[in-house]
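Morning, everyone. I have one model to show you, and I'll keep it brief.

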Amino acid sequence: MVMENLIEIKNLFVEYKTKNGILSQDKIIHAVNNVNLDIHKGEILAIAGESGCGKSTLAKAILQLERVKSGEIFFKSKNIIKLSKDELKSFRCQAQMIFQNPYASLNPKMKIFDILKEPLEINTKFSRKEISDIVKEKIKLVGLDESCLKLFPHEFSGGQRQRIAIARALIINPEFILADEPVSALDVSIQAQVINLLKELKEKYNLTFLLITHDMSVIRYLADRIAVMYLGEIVEIGKTEDIFNSPLHPYTKALLSSVPEINKTNKKVILKGDLPSPADLPQGCKFHTRCPYVMEKCKHSIPQETGANHKVKCFLFS
Ligand code: SF4
């Protein structure tokens, strides 16, 4: 079956400078390196990888919250890299974000009704009655009662606040949601409820999600496909069951072996050394400094992506 792409990313590079003290030179952080990625309409695509691998920078670049160095990002076939102010406003209505910390993302001085009506007042011409009806519909959609609308964010639990943040993300009926660690700040006991809510909403409205999380169990439950990122590159991408059942890239194997509920054999793959700095990327395959299967050519040559639906960048498969 040919999948329709909502988002297509081509040869994307994102880099930024860090201040390195008065005497030293500024460093250039190569956060996203030549990423090519399609996000299918109606899917949940998860980006997996260690902290610092570039997944959040990639997500921000897609939402135009991070300036790209070069490359293209198409949303519904339109290149969104250089949008006018009005076009950017229209794009932002179609692409919303759910943040990690629901308390920080809700204005503590505003009642929930005002938080939810704000995007409708800014972006639509609905009447007050229509706005009020939409706000009531959306708060019920996320499993909360209308009476919540009169309260302030601090009067809710973490799980309820994340439901409110989800209602706000959905208030102007976006097609695309970027969920950045949507449950990692919540108690384990309520994570499952919020995960189930996201899954229900995705199915009900045919939403497209980009899920950013370090939690492989959340990825396994929610995601249709997984892209594994290492030092700003996608090194493996495929359907969730293919990645979990037969991971190909040595980095993916190491990532999965560190999750006890997935790794039933308890044979953990220990990687050599730390994640290299994105300011000082290794030559050749960027994983070669830590790879248990490194060969001489890995140190000088860059492996190309191979495979059809399950793709990998590694000389072991080319
Ligand atoms: Fe390891 Fe070489 Fe494959 Fe890179 S290309 S992951 S270093 S075997």
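Ground rules. This is a predicted model: local features need pLDDT of at least 70, side-chain atom pairs count only at pLDDT 80 or more, and totals for chains, interfaces and linings use all residues. Residues are numbered from 1 along each chain as its sequence is written, and side-chain values use heavy atoms, with hydrogens and water left out.

The sheet. Four strands form an open sheet, ordered S2-S1-S4-S5, with antiparallel pairing. Strands here are DSSP E runs of at least two residues, helices are H or I runs of at least four, and both are numbered from the N terminus. Two strands pair if DSSP finds at least two bridges between them. S2 and S5 (78-79) are at the edges with a single partner strand each, so one side of each has no neighbour in the sheet. S1 (residues 5-18) and S4 (residues 70-75) are joined by five bridges. Lysine 10 sits opposite glutamate 72 in S4.

Now isoleucine 28, in strand S2 (residues 27-40). Alanine 279 is 251 residues away in sequence, yet 5.5 Å away C-alpha to C-alpha.

Last, the helices. The axes of H5 (residues 158-170) and H6 (residues 188-205) come within 10 Å and cross at roughly 15 degrees. That makes H5 roughly parallel to H6, the term for angles under 35 degrees. Axes are lines fitted to C-alpha atoms, for helices over the stretch in contact, and angles run from 0 to 180 degrees between N-to-C directions.

Definitions and conventions
Angles under 35 degrees count as roughly parallel, over 145 as roughly antiparallel, 65 to 115 as roughly perpendicular and the rest as oblique.
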